[in-house]
Amino acid sequence: MRKFGIKAVAGLLVAAGLAIGGAQLLTANRKVDTAASVDIQDRRLIEAGAYIARTGDCVACHSVPGGKPFAGGLAMQTPVGTIYSSNISPDKQSGIGNYDYADFKNAVQLGIRKDGTPLYPAMPYPSYAIMPDADIQALYAYFMSQVEPVSQPSADSTIPWPLNMRWPMAWWQLLFAGKRDFAAPAGADEKLVRGAYLVEGPGHCGACHTPRGLAYQEKALSLADGDAFLSGAVIDGWRAKSLRGEAQGLQSWSAEEIVMFLKTGRTDKVAAFGAMADVVEHSTRYFTDGDLASIAAYLKQLPPVAGKLAAFPPKADTTTAALRDGRYDSRGAVIYMEQCVVCHRADGQGMPRIFPALAGNSAVYAQNPQSIIQITLEGGKMPANGTDAMAFAMPGFRHLSNQDVTDVINFIRTAWTNQAPPIADNDVAHIRDFLASKKPNIVAGGKHE
């Protein structure tokens, strides 16, 4: 038995060595060694790179509120622990100041650091892989010449051993992040092609809005990869809505509303919250009108997800009259009148571009309730933009009991013309526990917020 045990251990060690060695070989073979020379002082190249950085939303993930741009430290919650975004300023000790262009391209498009270490897929390199070399070169020129160097070491994740080992990521990249090129949708005009590219590539919309598989891979990187593409997912405790054409997706949104939402973070009915508020504030508000129109046109022509409700059946609004008449037929209605009606009104319409509507708001009647639960508990603030004079905030209601939150949300999700399944108090308890366990961001000096 002892000999068998020694042989078994030896066999495992050999297998582990082969796996690690194979992973290192895979990474070495995937890395590019381009001889491209990039003039980082070329003004036009730098300006192009600044805009491309906006389309890629680099600053939102690699910065924290109150911190220096691109210094990293943003806490990203995953099912196995917290990953902190890295310092991508051109600091030579703690950032990417020693990266040549090949190193930069390897990191951005292949997910491989300068030292050969694979990056976690929290970095959306599977999406960035389709970006042309000209755009990556422009990005490199911008980062190396215009971004302020910040001395702030990148923090280790809280993912426990052995899940935090990096070398298995090489095998993950082989399976799920191979080389690929952008394929324009068949028969698409120039506008749709541009929209598809921005959504699938630098905009990396699928990183949040496409569900992940057991290996944390996006189930589809384009519509050609499968019907899961942009069908909605849960990330960081928020429900990233379906961007497809069904009832609980973008069916009720016009192209003009999509443009306005991406430009300002709000429409007459809805407002951005959570990570999407950061996307608007740091990224999409700076897009050209042509790019915003292209994205909206592309999203609006996406079909409904197979098996999902294409449109809601008609439903009469009996809620408004009941509330105005003082007829409160549930505990949820009473709480709504006590806590919510001042801003959102008895008819659920809120105040256009100030207080979001709750009637007909696709975030409210989403199949998955994570977002409405989290915004109720935590509150939120609208993103700043160049159109609206003020960014309004919603207070959190975590002082309410789980049952009270459950009751008021169930009232809102079925009031007016809304149609959504009920939630249970354990749904609220789950989000409350998630919020309590979230790791804070890291600011300068390696300290938590």
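**Salt bridges around Asp 347**

Arg 324 pairs up with Asp 347 in a salt bridge, with 3.9 Å between the closest N and O atoms (a salt bridge being a side-chain nitrogen of Lys or Arg within 4 Å of a carboxyl oxygen of Asp or Glu). This pair links distant parts of the chain, 23 residues apart: Arg 324 sits in helix H13, and Asp 347 in the loop between helix H15 (341-344) and helix H16 (370-378). Helices here are DSSP runs of H or I with at least four residues, strands are runs of E with at least two, and both are numbered from the N terminus. The model is a predicted one, where local features need pLDDT of at least 70 and side-chain atom pairs count only at pLDDT 80 or more, while totals for chains, interfaces and linings use all residues. Residues are numbered from 1 along each chain as its sequence is written, and side-chain values use heavy atoms, with hydrogens and water left out.

Arg 324 is exposed at 58% relative accessible area, whereas Asp 347 is buried at 14% (buried is under 20%, exposed over 50%, partly exposed in between, with a 1.4 Å probe and protein chains only). Asp 347 also forms a salt bridge with Arg 345, the closest N and O atoms lying 2.6 Å apart; Arg 345 is partly exposed at 32%.

Thr 320 belongs to helix H13 (residues 319-324) too and is buried, at 8%. Leaving aside residues up to four places away in sequence, Thr 320 touches Ala 346, Asp 347 and Trp 416, contact meaning heavy atoms within 4.5 Å.
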